[in-house]
Amino acid sequence: MKLFASLRQWRPSRLGLKLFVAILSVNVAIAASVFLAVTYSIDRGFLEYLNQAQERRATLLADGLITRWETQGSWEWLEQSPERWPYIVRFELGQAHRDRPSPLGEAQDFALRNSDGRFVVPPVESARGSNGWRWLTLYSDVTPSGNNEAIGELGFRPPQDMMERMESRFLERQQRNLVLIVISLGLASLLLAGGLSWWLGRRTRALAGATLRLTEGDYHTRLPERGRDELSSLARDFNVLAATLEASRDARARWVSDTAHELRTPLAVLRGEIEAMQDGIRPLNQENLSSLAQEVSQLERLVTDLRLLSQSDAGALDIQLAPMNLSESLKGRLSDADRWLEESGLTLSSQLTPGIMIQGDAQRLRQLWNNLLDNSCAYTQPPGELRVSLTCETNHAVITWEDSSPGVPESELSRLTERLYRVEGSRNRASGGSGLGLSIASALVNAHGGTLSPGVSELGGLKWTLRFPLFIAS
């Protein structure tokens with residue numbers, strides 16, 4: 001019952017049907033071509049063989065007849081006893097000891113006439129008549145005149161006539177074998193084409209069904225990965241695509257949820273303070289207005305960060321690249337941040353190679369330095385240390401940005417640039433900013449054609465390695 005149910009559910013695949021027709025057609029064409037070529041080759045080859053064999057037998061028989069004529073002096077002995085002709089032919093062709101003569105050396109395939117053209121042994125008529133027979137002149141020097149004179153002609157049947165008789169004995173048998181071979185090849189091709197088309201159709205139908213479910217939003221769909229062929233590679237690629245889409249959907253949902261949470265907090269504070277002022281709980285004075293202004297600034301900064309990230313995702317980030325001195329840009333920003341670092345309890349040590357040029361946007365790079373400084377100041381426990389170095393390595397400018405404890409578990413390093421991600425998993429805004437600073441830093445580095453890689457610092461904190469391609473003047 002299960003077999004019949006599976007057969008009812010089976011639907012032919014167009015690709016499998018095309019493969020079936022293609023394989024079957026090619027094999028049938030090959031079989032037909034082989035049949036025709038072998039048949040033609042056998043016909044031509046066998047005809048040439050008969051022609052050469054008959055000429056050899058005619059020459060052998062002619063030598064024996066010349067000897068007998070020279071012994072008898074004429075053909076009268078054969079005219080008087082024509083029944084001796086089959087025995088003479090068999091004897092001269094070396095077949096006298098055989099019970100049955102060879103089908104290629106029968107007496108009816110030869111004829112004899114004397115020098116004046118009168119038949120001694122007339123030819124046996126065939127469907128083609130006797131006009132096509134070939135004649136071999138017999139010469140002897142044992143004549144009354146003593147000269148080498150013609151004593152007669154030996155005729156032998158043309159190979160075409162012999163072919164008619166031989167086809168029933170040999171060619172028909174070979175062609176019958178060829179027909180059986182072609183039929184067997186056709187059946188094997190039918191089974192092969194049917195099996196391959198069913199196998200390929202089943203695989204492609206599974207892929208088509210999984211793709212349909214994927215388009216409908218079922219990102220849990222997976223295909224079995226069996227074998228090492230191209231279809232298995234395609235199944236693996238499909239599974240990677242499905243996993244990527246699932247992760248993207250989850251990240252998008254988490255991104256929307258986190259963004260809503262980040263916006264909800266300052267809005268709730270604003271609403272609470274405004275309602276307190278409206279109810280007369282808090283006075284409408286400069287201090288309370290300043291508190292409201294801070295929350296509005298925080299909201300504005302968050303919206304600006306979100307806009308920058310959306311532009312980066314769309315490849316529309318406003319950035320103007322031009323040759324610039326990376327060493328001067330980084331050195332100037334670190335010098336301006338002395339008071340900021342001092343208030344955060346951090347000691348700065350830097351080692352910057354001068355004169356390193358890259359293609360960059362000065363404003364966007366300053367924003368990058370601000371985000372890295374903000375991250376170090378917000379998360380490094382005072383008294384702490386910040387160490388920055390700038391070197392050149394194989395056509396790249398390499399910046400190493402390290403701070404002291406607390407550190408980050410290695411398992412969390414790869415997620416530091418995720419949007420709104422915090423290692424401690426808290427939404428407490430006192431522990432840092434909006435959670436977008438490192439995401440923005442990564443986007444800014446990528447916009448400059450560089451890379452941003454996290455690591456563990458020797459100082460006990462976090463280590464960032466930034467790589468920018470050097471500017472090489474042409």
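Modeller: Start with helix α11. Of its 11 residues, 8 are buried, so α11 is largely enclosed by the rest of the structure. Here buried means under 20% relative accessible area, exposed means over 50%, and partly exposed lies in between; the probe is 1.4 Å and only protein chains count. Helices are DSSP runs of H or I with at least four residues, strands are runs of E with at least two, and both are numbered from the N terminus.

A word on the basis. This is a predicted model, in which local features need pLDDT of at least 70 and side-chain atom pairs count only at pLDDT 80 or more, while totals for chains, interfaces and linings use all residues. Residues are numbered from 1 along each chain as its sequence is written, and side-chain values use heavy atoms, with hydrogens and water left out.

Back to α11, residues 437–447. Its buried residues are Leu438, Ser439, Ile440, Ala441, Ser442, Ala443, Leu444 and Val445. Just after the helix, Gly449 has a positive phi of about 75 degrees.

Now the helix that α11 packs on. Two packed helices are described by the angle between their axes and the distance between the axes. For α10 and α11, the axes come within 9 Å and cross at roughly 145 degrees. Axes are lines fitted to C-alpha atoms, for helices over the stretch in contact; angles run from 0 to 180 degrees between N-to-C directions. The crossing of α10 and α11 is left-handed. That label applies if the near helix is turned anticlockwise from the far one by less than a right angle; clockwise makes a crossing right-handed.

Which residues of α10 and α11 meet? On the α10 side they are Arg364, Gln367, Leu368, Asn371 and Asn375. On the α11 side they are Gly437, Leu438, Ile440, Ala441, Leu444 and Val445. Contact means heavy atoms within 4.5 Å. By class, the contact of α10 with α11 has 6 nonpolar, 4 polar and 1 charged residues. Nonpolar covers Ala, Val, Leu, Ile, Met, Phe, Trp, Tyr, Cys and Pro; charged covers Asp, Glu, Lys and Arg; polar covers the others, Gly among them. Leu438, Ile440, Ala441, Leu444 and Val445 are in this contact, and they are also among the buried residues of α11.

α10 has another partner. Helix α8 (residues 326–336) packs with α10 (residues 362–379) at an angle of about 45 degrees, their axes 10 Å apart. The two helices are therefore oblique to each other. Under 35 degrees counts as roughly parallel, over 145 as roughly antiparallel, 65 to 115 as roughly perpendicular, and the rest as oblique. α8 passes α10 in a right-handed crossing. From α8, the contact uses Leu326, Ser329, Leu330, Arg333, Leu334 and Asp336; from α10, it uses Leu365, Arg366, Trp369, Asn370 and Leu373. This contact of α8 with α10 has 6 nonpolar, 2 polar and 3 charged residues.

Next, the loops. Pro383 is in the loop between α10 and β8. The peptide bond from Pro382 to Pro383 is cis, with omega near -10 degrees. Pro406 is in the loop between β9 and α11, and the bond joining Ser405 and Pro406 is also cis, with omega about 5 degrees. Thr394 sits between β8 and β9, with a positive phi near 45 degrees. Its relative accessible area is 70%, so Thr394 is exposed. Asn395 is found in the loop between β8 and β9 and has a phi near 65 degrees, again positive in a residue other than glycine. Asn395 counts as exposed, at 54% relative accessibility.

On strand β11, look at Thr465. Thr465 is buried, with a relative accessible area of 19%. Leaving aside neighbours within four places in sequence, Thr465 is in contact with Val398, Ile399, Thr451, Leu452 and Ser453.

Finally, confidence. pLDDT is the predictor's confidence in each residue, from 0 to 100. The protein averages 78, and 80% of the residues score at least 70. Over residues 425–432 the pLDDT is below 50, though the stretch has 14 contacts beyond near neighbours in sequence. Where pLDDT is low, the predicted coordinates should not be read in detail.
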